[in-house]
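Visitor: I would like to learn how to read a few features of a protein model. Please take them one at a time.

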Amino acid sequence: VVFNSTDFVIFFAAFCAVYFLVPFSFRWIILALASTVFYGWAKPVYLLLLSASVLISWIGANKIYKTVNPKDRKRAMILTVSLSVLILIAFKYLGFFNEIISVFSKPGGFRLPELLLPLGISFFTFQSLSYVLDVHFKVRKPEPHLGYFFVFVSFFPQILSGPISRANELLPQLQDPKKHLWSDVERGIIRFCWGLFKKLVVADRIGIIVDGAYANPEHYAGSVHWFVTILYAIQLYADFSGYTDMAIGLARIIGIRLPENFDFPYISKNITEFWRRWHLSLSNWLRDYLYTPIMFSKKKWGKWAVVYAIFITFLICGLWHGAKLTFVIFGILQGAALTWELLSKDLRAKIQKSSPPVLYNTLSWLVTFLFVCFCFVFFRADTTADSLLIAKRMFISFYDVNAVIQYLGKDGTTARYLFSLAVALIFLATDKQITGKLITIESPGWKSIAWTGTMIALIVILGVLGRTDFIYFKF
Amino acid sequence: MRQLKFIGILLVSTIVAYTVIMLAVIVIPYNNRPVAFITNSYYIAKGGPTYYKFAEFDKNGKYDVVVLGSSRAYRGYNPEIFADSGLVLYNLGTSAQSIRNTYFIAESYITKENTGLLIIDLFSGAFRPMQLESSADLIQNLDDTSASRDIALHTKDIRCLNMYVVRRVTESDGPSFNNAVGMVNGYLGRSDSLMPAMKKYMQYFRQSPEVTLRMGEEEIMYFDKLVALCQERGINFVLVYSPTSTFYSQANHAVFTDTLNNHISGVKYFDYSSSMGLSSVDCFYDDTHMNSTGVEQFNRPLIVDLKRAGCLNR
């Protein structure tokens with residue numbers, strides 16, 4: 001069940017009715033039940049997997065905490081993390097290993113058995129891993145109550161696509177009997193509607209234009225691929241940040257604050273800045289639990305320790321997104337860009353000094369944005385062969401404007417496509433102002449409420465209804 | 001109080017914004033149509049076969065046979081062939097007509113007095129859940145506003161309500177196109193045959209034993225309501241599954257028949273889906289639609305069968 005479905009609205013309304021009726025000390029039970037129903041809706045069997053992941057982390061963290069000897073403590077941590085990661089590998093990466101095996105073996109040869117990818121597995125695995133590592137690094141004590149811990153890992157607004165919360169952020173909120181404020185409900189509803197607008201009016205509308213070229217990449221020139229990939233960047237942002245807004249809004253309705261996940265990433269002037277603005281909960285996770293420990297473990301290598309840590313981190317970042325070679329390429333490209341930025345820091349500082357600021361900033365932004373878009377080819381393409389074909393064409397026939405005009409006119413859809421482009425541009429132009437206001441708003445006045453009503457009307461009139469899945473569900 | 005204020009402002013602003021924006025996208029023209037048509041692909045313009053066949057259907061007239069169903073119906077029952085047997089047939093089949101919408105059409109258009117025999121042409125695809133194409137077509141093109149409203153409300157899709165608003169606001173406008181030239185009493189035949197390329201493509205579906213049919217529970221409920229409506233009104237009716245080509249999935253058809261058998265006791269059902277021996281290449285233009293040659297070979301024995309079964313005695 002997805003947020004943008006009637007089933008979910010009914011489910012959430014029923015949940016709220018019960019949640020607010022029961023005393024605070026029992027609310028975790030309602031949350032646990034709701035999360036179980038939500039996650040098990042499509043395939044109840046995956047609840048076993050979720051429960052296994054929860055138990056491994058909970059028991060492991062308690063064991064780590066109780067172990068005094070540092071070596072044994074580390075062993076317990078490695079065992080717990082390995083078990084969690086093994087589940088992730090078994091369910092997510094066997095297909096990827098098959099892809100690699102197929103390169104070196106005959107068709108129809110040996111293949112590993114493949115399991116169906118459970119939704120949200122990457123998210124809830126990382127969320128529970130962060131808890132285990134926090135206990136190991138003595139950032140927090142283990143949670144003694146299994147019920148609260150289950151809610152922390154399976155919290156239904158965020159289990160499918162994040163934001164990946166830390167135990168220190170979410171667990172205290174589940175246990176703190178603070179007075180519930182009606183303004184939280186208002187803010188939650190407003191944020192949810194904005195997310196729904198982003199998803200249905202912007203992302204899914206643009207998706208129709210993008211899908212055509214990616215379905216048959218061999219039919220289109222590089223210019224068309226640039227055009228649709230730039231649109232894909234907008235689609236991906238509207239889709240994922242829309243989901244995040246909805247998750248944050250739903251949690252806010254019941255008085256829980258989830259971390260922000262985006263900070264207007266497409267205004268970034270370099271890739272380092274981009275990763276400080278894009279999918280923040282994942283970037284911060286990778287920084288804290290992967291990049292920093294790796295870098296410190298190799299600190300005697302000096303600058304090369306950073307390069308090494310960057311590459312390992314972004315290789316894993318790529319693989320986290322999906323079990324495909326395209327995501328490995330994506331990770332390598334990000335790693336390469338960040339390494340370049342690290343090694344060329346002095347050179348770039350010199351250039352910046354000697355250039356007019358407007359020119360330097362504009363060029364930095366443009367190069368960064370185009371590079372990000374180029375990398376998204378590997379995010380979006382269905383196969384490695386498709387992604388390489390598209391990438392190649394983007395360097396060869398990127399100037400063919402007629403091909404873009406022709407693409408927009410296929411099947412007599414020019415007017416509809418141009419309308420969608422206008423919607424996308426208006427969204428980009430207003431997103432910073434609107435989202436910024438929604439994050440900081442304290443008590444919504446009648447203008448904010450009326451604005452939300454207008455959003456709902458726009459969703460009903462302009463929403464592309466019927467395309468339900470969020471892009472990040474497959475990660 | 002604050003809660004009421006929030007809900008009140010939200011509701012009022014939503015309704016006001018919806019009204020203003022919707023009116024704007026309907027009133028502002030683009031290419032002789034409301035600009036709403038470029039905002040989403042589900043809008044269907046007024047005109048074409050559906051518009052004309054309902055406009056020309058005389059509710060107070062007397063037809064020996066009326067046909068309801070999907071495009072298989074409006075391509076599959078030729079009034080001229082029935083006329084050879086002295087029968088007046090009117091074909092109310094429409095594109096992708098779902099069984100839910102068949103019920104609403106029957107409720108608004110079919111009576112014991114105007115229909116001697118109602119043929120409900122069945123198609124497994126008409127039982128799939130949530131069929132927007134059929135609803136959008138009918139909401140825009142039915143001449144009966146209450147039937148259009150019922151379909152808009154009962155399709156349970158917000159897009160149908162938008163479609164209905166467009167229809168009501170543009171009610172006084174005439175049809176914007178006519179591709180129904182050559183239509184006789186709602187029938188629009190095709191003379192082309194199955195193309196070799198399509199034949200090759202469809203071979204895959206024939207060979208596939210996979211069942212892809214998902215019948216909606218609500219659709220089956222509407223089928224039951226349709227049967228009950230005919231019985232209550234004393235309408236003489238039969239169910240017919242017109243011929244299909246060899247490329248049509250028999251795996252799906254078996255599921256369909258199994259499901260239907262529990263709902264049609266005491267109802268006359270003629271299943272020609274695989275029994276007439278029509279050549280798939282010469283008598284069809286795709287896997288499920290007959291061309292005029294196929295219709296000729298189907299309609300004549302059908303009339304004989306209907307007479308033999310005592311269905312055409314009025």
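**Reading salt bridges, a sheet and a patch**

Guide: At 45% relative accessibility, A:Asp382 counts as partly exposed, because buried means under 20% relative accessible area, exposed over 50%, and partly exposed in between (1.4 Å probe, protein chains only). This is a predicted model, in which local features need pLDDT of at least 70 and side-chain atom pairs count only at pLDDT 80 or more, while totals for chains, interfaces and linings use all residues. Residues are numbered from 1 along each chain as its sequence is written, chains are lettered from A and ligands numbered from 1 in the order in which they are written, and side-chain values use heavy atoms, with hydrogens and water left out.

Visitor: Which residue does A:Asp382 meet in a salt bridge?

Guide: Side chains of opposite charge can pair when their charged atoms come close. A salt bridge here is a side-chain nitrogen of Lys or Arg within 4 Å of a carboxyl oxygen of Asp or Glu. The partner of A:Asp382 is A:Arg380, at 3.6 Å from N to O. A:Arg380 is buried, with a relative accessible area of 14%.

Visitor: How many salt bridges are found over all chains?

Guide: The search of the whole structure gives 28. One of them joins A:Glu260 to A:Arg191, at 2.8 Å from N to O. A:Glu260 lies in the loop between α10 (222-253) and α11 (271-275) of chain A, and A:Arg191 in helix α9 (residues 182-215) of chain A, so the pair ties together parts 69 residues apart in sequence. Helices (H or I, at least four residues) and strands (E, at least two) are DSSP runs, numbered from the N terminus. A:Glu260 is partly exposed at 27% relative accessibility, whereas A:Arg191 is buried at 7%. Both belong to a network of salt bridges that also links A:Lys198, A:Asp245 and A:Asp431.

Visitor: What is the strand order of the open sheet in chain B?

Guide: Strands of a sheet pair through backbone hydrogen bonds, either parallel or antiparallel. The five strands of this sheet follow the order β4-β3-β5-β6-β7 (chain B), with parallel pairing; two strands pair if DSSP finds at least two bridges between them. In chain B, β4 (89-91) and β7 (269-271) stand at the edges with a single partner strand each, so one side of each has no neighbour in the sheet. Four bridges join β5 (residues 115-121) to β6 (residues 237-241) of chain B.

Visitor: Is B:Leu11 buried or exposed?

Guide: B:Leu11 counts as exposed, at 52% relative accessibility. B:Leu11 lies in helix α1 (residues 2-27) of chain B.
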